[in-house]
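Hello,

I am passing this structure on to you, and my notes follow just below it. Please have a look at it first, then read on.

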Amino acid sequence: RFGFLIGLGLCASAPAAAREAAIKLPNAQVEALNFAALAGWSDDDHAAAYTTFLKSCSAILQGSRVKRAARPVYGALFKVCERTKAAGPLDGEQARAFFEDNFKPVRIAPPGQTEGFFTGYYETEFVGSRVPTDEFKVPIYAAPADAVRKRKSKVFAHFDRTAIENGALKGKKLEICYVKNPVDAFFAQIQGSTRVKLDSGQLLRLNYVASNGQRYTPVGKFLIDRGIIAKEDMSMDRIRDWMDANPEEGRELRRKNRSYVFFRETALAPHEECIGAQGIPLTAGRSLAVDRKIHVYGTPIWIDADLPILSEKPDTKFRRLLFAQDTGSAIIGSARADIYFGAGEEIGHIAGRIKQYGQFVMLVPRSVAVNDSGGAPPQDIPLPQPRPKAIIADAAPTTTVSAREAAPLPKPRP
């Protein structure tokens with residue numbers, strides 16, 4: 001998603017009576033739990049979770065001694081990852097024991113609340129062309145090669161979306177390809193990655209590389225404010241349908257989001273998942289995008305929420321262990337996360353309707369203590385509002401499925 005560098009905005013302190021490192025989560029309240037308190041914990045597929053954790057470990061174990069010393073959670077995760085090398089392959093029960101032996105669960109929520117807030121994202125798919133034609137007119141831009149080489153995360157900061165769409169970058173030879181619909185390009189930027197099937201048959205795999213650095217604004221709120229879409233009915237599908245049906249107004253709505261995203265071509269094969277901000281392939285249903293200024297990539301996070309996966313009603317229990325492996329400019333706050341669901345149009349329908357509250361439980365290495373910040377959050381941090389009554393599921397029975405069945409994810413690509 002949006003960013004590549006590992007970020008950690010946690011304040012370290014040294015307890016007077018112990019060598020245990022301590023961190024303070026900003027604008028959050030914390031509650032220590034035990035694993036027996038996690039509903040559905042024993043039913044999860046811990047072997048699958050452990051496999052995803054090993055991907056994070058491959059990146060964590062490359063961290064320098066200086067980085068490990070400066071960031072308590074990173075340093076502690078490094079030690080846990082070292083233990084995976086000695087542990088070797090683990091089955092479900094062994095993997096469960098590994099997580100319980102090395103981590104402790106801590107529930108995180110905004111001050112005065114009890115739940116975190118979750119959305120979903122996916123990898124979009126479109127058709128396109130390497131050259132502009134009467135059919136394919138909307139460019140998808142790369143960042144300048146020099147900026148990519150220097151790992152700059154911000155380019156063309158003086159141009160907003162309107163300026164760029166009006167041709168501010170024309171002549172700079174940054175066009176990777178062209179797509180038919182400006183709505184396609186817009187949603188590719190929101191998701192941070194896309195597959196573009198060219199008219200030649202070639203498949204391009206594009207990943208986020210930089211942005212213009214201007215503030216991301218979720219455009220759905222304008223449709224809610226105007227009474228066009230009810231808050232409880234809001235989804236990416238509804239936004240897209242409205243933009244397609246109202247092209248002129250849709251253009252003006254998109255331009256309220258001044259942020260603009262640039263891509264790079266990758267060498268990923270069709271069956272491979274896109275690369276997250278941690279620099280590793282994401283895993284559908286196991287990878288999370290989090291606030292990189294707060295959480296360390298690789299941190300395990302247990303989610304317990306009722307989500308609209310099997311249908312448009314939030315009646316599918318989603319209880320599983322996921323891992324912080326990505327980030328996004330709209331993902332702000334200690335108890336805020338975006339669940340990666342995979343790729344394709346069908347998956348996009350599921351990801352686009354996720355906007356639910358639920359339990360956000362951070363698994364913290366046992367050598368680290370977690371403290372909350374206390375007090376109310378500052379006004380400029382867009383934490384989710386308290387759960388409104390309008391989106392609480394009604395008295396209809398909740399679909400009961402095991403954790404292994406909770407999220408029907410896409411089948412592996414051939």
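Glutamate 265 has a relative accessible area of 41%, so it counts as partly exposed (buried means under 20% relative accessible area, exposed over 50% and partly exposed in between, with a 1.4 Å probe and protein chains only). Before going further, please note that this is a predicted model, where local features need pLDDT of at least 70 and side-chain atom pairs count only at pLDDT 80 or more, while totals for chains, interfaces and linings use all residues. Residues are numbered from 1 along each chain as its sequence is written, and side-chain values use heavy atoms, with hydrogens and water left out.

Now to the partner of glutamate 265. Arginine 130 forms a salt bridge with glutamate 265, and their closest N and O atoms are 3.0 Å apart (a salt bridge is a side-chain nitrogen of Lys or Arg within 4 Å of a carboxyl oxygen of Asp or Glu). Because arginine 130 lies in the loop between strand 4 (116–129) and strand 5 (138–141) and glutamate 265 in strand 9 (residues 261–265), the pair ties together parts that are 135 residues apart in sequence. Helices (H or I, at least four residues) and strands (E, at least two) are DSSP runs, numbered from the N terminus. Arginine 130 is also partly exposed, at 35% relative accessibility.

The loop between strand 4 and strand 5 comes up again in a second pair. Glutamate 135 and lysine 180 meet through their side chains in a salt bridge, at 3.0 Å from N to O. Glutamate 135 lies in that loop and lysine 180 in the loop between strand 6 (175–179) and helix 7 (182–191), so this pair ties together parts that are 45 residues apart in sequence. Glutamate 135 is partly exposed, with a relative accessible area of 44%, and lysine 180 is partly exposed at 42%.

Arginine 258 is partly exposed at 41% relative accessibility, whereas aspartate 160 counts as buried at 15%.

Across the whole structure, the search finds 20 salt bridges. There is also a network of salt bridges that links Glu123, Glu125, Arg195 and Arg205.

Next, the aromatic rings. The search finds 18 aromatic pairs in the whole structure (rings of Phe, Tyr and Trp, the last by its six-membered ring, pair if their centres lie within 6.5 Å; planes under 30 degrees apart count as stacked, over 60 as edge-to-face and the rest as tilted). The ring centres of phenylalanine 156 and phenylalanine 262 are 5.8 Å apart with their planes at 45°, so this pair is tilted. Phenylalanine 156 lies in the loop between helix 5 and helix 6 and phenylalanine 262 in strand 9, so the pair ties together parts that are 106 residues apart in sequence. Phenylalanine 156 is buried at 15% relative accessibility, and phenylalanine 262 is buried at 0%. Elsewhere, Tyr50, Phe53, Phe98, Phe99, Phe103 and Phe323 form one aromatic cluster.

Finally, two charges over rings. Arginine 68 lies over the face of phenylalanine 78, at 3.8 Å from the ring centre, and the charged end of lysine 256 sits over the ring of phenylalanine 222, 5.0 Å from its centre. The cut-offs here are NZ of Lys or CZ of Arg within 6 Å of the ring centre and within 35 degrees of the ring normal.

Best wishes
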